[in-house]
Each structure stands twice: as structure tokens, then as C-alpha cells.
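Look over the sequence and the structure first, then read the points below.

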Amino acid sequence: MAFFRPRVSREAEVRYHADQEISRSFPELLDKARQAERTLRELRAASADEIELLAAGRAFDKALTEALRAAEAGQRATFGVKAYDDRIARRKAKATPAGREWTAEVDRLRTLREENRLWGMPRVPRPVPATR
């Protein structure tokens with residue numbers, strides 16, 4: 001009697017290993033995002049002009065986006081290689097303590113990024129081209 005055990009696809013294995021590599025940089029990217037947030041808060045406290053606040057807000061958004069991508073890769077890698085092909089395996093992995101931790105971190109970073117996009121960057125009017 002032979003047992004049939006379906007293997008995961010080669011593509012899933014490649015994506016899994018790529019996500020493991022990307023997720024290793026998560027702590028450094030999170031530190032960069034914290035530093036960018038600190039800079040933005042200092043500029044707000046110093047009543048900087050809107051152009052400086054806009055540049056700092058965009059730098060914070062870029063740092064958050066990079067940290068979010070690394071966190072999402074860490075989340076997928078934590079779920080395991082089978083979760084790339086099987087939604088039930090992905091759902092089961094999300095219920096584990098490590099899966100919940102990564103999911104909470106991804107949700108927190110998404111919320112922080114959206115909050116920054118909505119309220120963190122000042123609206124600077126676009127320059128109007130001169131007409132002749």
C-alpha cells in the first residue's frame with residue numbers, strides 16, 4: 001500500500017526561499033522606518049515649512065513600504081512552503097502563534113502607512129504653468 005503525498009510546486013519552493021531572504025532584512029528596514037518617523041515628528045514639532053514636511057512624509061512612506069514588504073515576506077515564509085499552493089494550509093498557518101504575530105505586524109504597518117498617507121503629508125498645491 002503506497003501513500004500519495006503531493007509535493008509542492010517548484011515555483012512555491014522558489015518563492016518560499018526568496019521570501020526567507022527578504023524577511024531577513026525586516027529589523028533593519030523597521031529601524032529605518034522608525035528613524036524616518038522620528039525625523040517627521042521632529043520637523044512637525046519645530047514647525048517646519050510644508051515642503052520639508054512633505055519630503056519627510058514621503059521618506060517615511062517609502063521606509064514603511066519597504067518594511068511592509070519585508071513583513072509580508074516574513075509572514076508568507078512563516079506560513080510554510082505548502083501555504084503558497086494551498087489556501088487551507090495558509091489559513092491553518094495563520095492561526096498559529098507565529099502566524100498571528102506576523103499578521104498583526106503586517107496589519108499594524110499597513111495601518112500606519114495609510115494613516116501617514118492620509119494625514120501625515122501636507123497637501124502642497126501644484127505649481128500652475130504660466131500662460132502666454
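**Threonine 103**

A polar atom of the side chain of threonine 103 lies 2.7 Å from the backbone oxygen of glycine 99. This is a predicted model: local features need pLDDT of at least 70, side-chain atom pairs count only at pLDDT 80 or more, and totals for chains, interfaces and linings use all residues. Residues are numbered from 1 along each chain as its sequence is written, and side-chain values use heavy atoms, with hydrogens and water left out.

- Threonine 103 sits in helix α5, residues 97-120. Helices are DSSP runs (H or I, at least four residues), numbered from the N terminus.
- Threonine 103 counts as buried because its relative accessibility is 16%. Buried means under 20% relative accessible area, with a 1.4 Å probe and protein chains only.
- The side chains of threonine 103 and glutamine 75 make a polar contact at 2.9 Å. Such a contact is a pair of N or O atoms within 3.5 Å; within protein, one must be able to donate a hydrogen and the other to accept it, and residues adjacent in sequence count only if both atoms are side-chain atoms.
- Leaving out residues up to four places away in sequence, threonine 103 touches Gln75, Phe79 and Lys94. Contact means heavy atoms within 4.5 Å.

**α1 with α3**

- The axes of α1 (residues 10-23) and α3 (residues 50-79) come within 8 Å and cross at roughly 135°. Axes are lines fitted to C-alpha atoms, for helices over the stretch in contact, and angles run from 0 to 180 degrees between N-to-C directions.
- α1 and α3 are therefore oblique to each other. Angles under 35 degrees count as roughly parallel, over 145 as roughly antiparallel, 65 to 115 as roughly perpendicular and the rest as oblique.
- Residues of α1 including Tyr16 and Ile22 meet α3 residues, among them Arg69 and Ala77.

**α2 with α3**

- α2 and α3 pack at about 160°, their axes 8 Å apart.
- That angle makes α2 roughly antiparallel to α3.
- The contact includes Phe26, Leu30 and Leu40 of α2, and Leu53, Phe60 and Leu64 of α3.

**α2 with α5**

- Helix α2 (residues 26-45) packs with α5 at an angle of about 30°, and the axes are 14 Å apart.
- The two helices, α2 and α5, are therefore roughly parallel.
- Among the residues in this contact are Phe26, Leu30 and Leu40 of α2, and Trp102, Leu109 and Trp119 of α5.

Conventions: Buried means under 20% relative accessible area, exposed over 50%, partly exposed in between (1.4 Å probe, protein chains only).
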